[in-house]
Amino acid sequence: MRPFMITVLAGTLAASLTGPWAATAAAETASHPVDRSELTANALYDAGPLPATKCTEPPVRRDDRRLARAYVNAVVACLERAWKRHLTGAGLPYEPVRVRHMSRIPSDHCDLPVDGADSQAWYCEKSRTLIFQIGKEWAAAPSDLWLFHTAASLYAYHVQHLTGISAALGELNAGSKAESREQSRRYFLQSACLGGAFMKSVWPMKGRSAKDWHRFKTLPVGDDDGRNSWYGTTATVRSWVGRGFATGDPGSCNTWAATSAEVS
């Protein structure tokens, strides 16, 4: 299984959401309920399911990073078509993203807390750029839908930025470390769910079957090591990805109105 949190952490918010805090008791509860309409009642939730979009996957080959990068570029092109149509059709802001592939992301790039992970991807909010570092781990099995959902979830951070969700998160109060972590989980889990919703909008894809989807669902993992709780347990992560895929509707991804237990 792969550490899902490494792949789609929002870059420009990471410094404030993943500070070097030691883990505290999970029993701590939030003291400031999420009460911002930009989060709990965002217009994105009322826009309906994403439009059905045809997305053809280009060929990939084990340990071929060039083909893996081309694959990601093709998926992002599909994402742009679907989200542009969806957002503009609902009267919501739209702006295209940039894609950048790097062999090694510098530790200070876009103020991101980049670590030594072999493979990782980030969203740089200030430049509207999706940044991918496809290393040996991701190139080893490029055909298992991991790269597909990684791109879709990373793009979701761009959608959260466009619709005001990211800005509203930055203005939330947090009375404790546990509360800050819960806000982080709501943000992350929403992006994972939106990635699942996009996958549903292009499903079925040529050459894919339900077996491929079920295989992918076994790959993401969460915070089950017990050290932190920034992303949610493995079961929680998989549940939100599944919610998005079940409906194809961003309205199913309103993590901000969910109970604390649903984002644990």
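## Where two helices meet

In this predicted model, F148, H149, A152, S153, A156, Y157 and Q160 of helix α6 touch Y187, F188, Q190, S191, A192, L194, G195, G196, F198 and M199 of helix α8. Here, contact means heavy atoms within 4.5 Å, and helices (H or I, at least four residues) and strands (E, at least two) are DSSP runs, numbered from the N terminus. Sorted by class, the α6 and α8 contact has 10 nonpolar, 7 polar and no charged residues. In this sorting, Ala, Val, Leu, Ile, Met, Phe, Trp, Tyr, Cys and Pro count as nonpolar, Asp, Glu, Lys and Arg as charged, and the others, Gly among them, as polar.

How do these two helices lie? The axes of α6 (residues 146-162) and α8 (residues 177-201) come within 7 Å and cross at roughly 120°. That angle makes α6 oblique to α8 (under 35 degrees counts as roughly parallel, over 145 as roughly antiparallel, 65 to 115 as roughly perpendicular and the rest as oblique). Axes are lines fitted to C-alpha atoms, for helices over the stretch in contact, and angles run from 0 to 180 degrees between N-to-C directions. The crossing of α6 and α8 is right-handed, meaning that the near helix is turned clockwise from the far one by less than a right angle.

On the α8 side, the contact includes F188, L189 and A192; on the α10 side, W240, V241 and F245 are among the residues taking part. By class, this contact has 11 nonpolar, 4 polar and 2 charged residues. The crossing of α8 and α10 is right-handed.

## The sheet and its helices

Now to the strands. An open sheet of 3 strands has the order β2-β4-β3, with mixed pairing; two strands pair if DSSP finds at least two bridges between them. β2 (98-101) and β3 (120-124) are at the edges with a single partner strand each, so one side of each has no neighbour in the sheet. On average, neighbouring strands are turned by 20° against each other, direction ignored.

β2 and β4 (residues 129-133) run parallel and are joined by 4 bridges. In this pairing, R98 stands opposite T129 of β4. Helix α4 (residues 65-89) packs on the sheet and touches β2 and β4, with its direction at about 170° to that of β2. Helix α6 packs on the sheet too, touching β3 and β4, and its direction makes about 15° with that of β3.

## Details to look for

The whole structure has 10 salt bridges (a side-chain nitrogen of Lys or Arg within 4 Å of a carboxyl oxygen of Asp or Glu). One of them joins E57 and R208, at 2.8 Å from N to O. This pair links distant parts of the chain, 151 residues apart: E57 is in the loop between α3 (37-40) and α4, and R208 in the loop between α8 and α9 (210-216).

P204 is also in the loop between α8 and α9, and a cis peptide bond with omega of about 0° joins W203 to P204. In the loop between β2 and β3 you will find C110, which has a positive phi of about 55° although it is not a glycine.

## About the model

Residues are numbered from 1 along each chain as its sequence is written, and side-chain values use heavy atoms, leaving out hydrogens and water. In this predicted model, local features need pLDDT of at least 70 and side-chain atom pairs count only at pLDDT 80 or more, while totals for chains, interfaces and linings use all residues.
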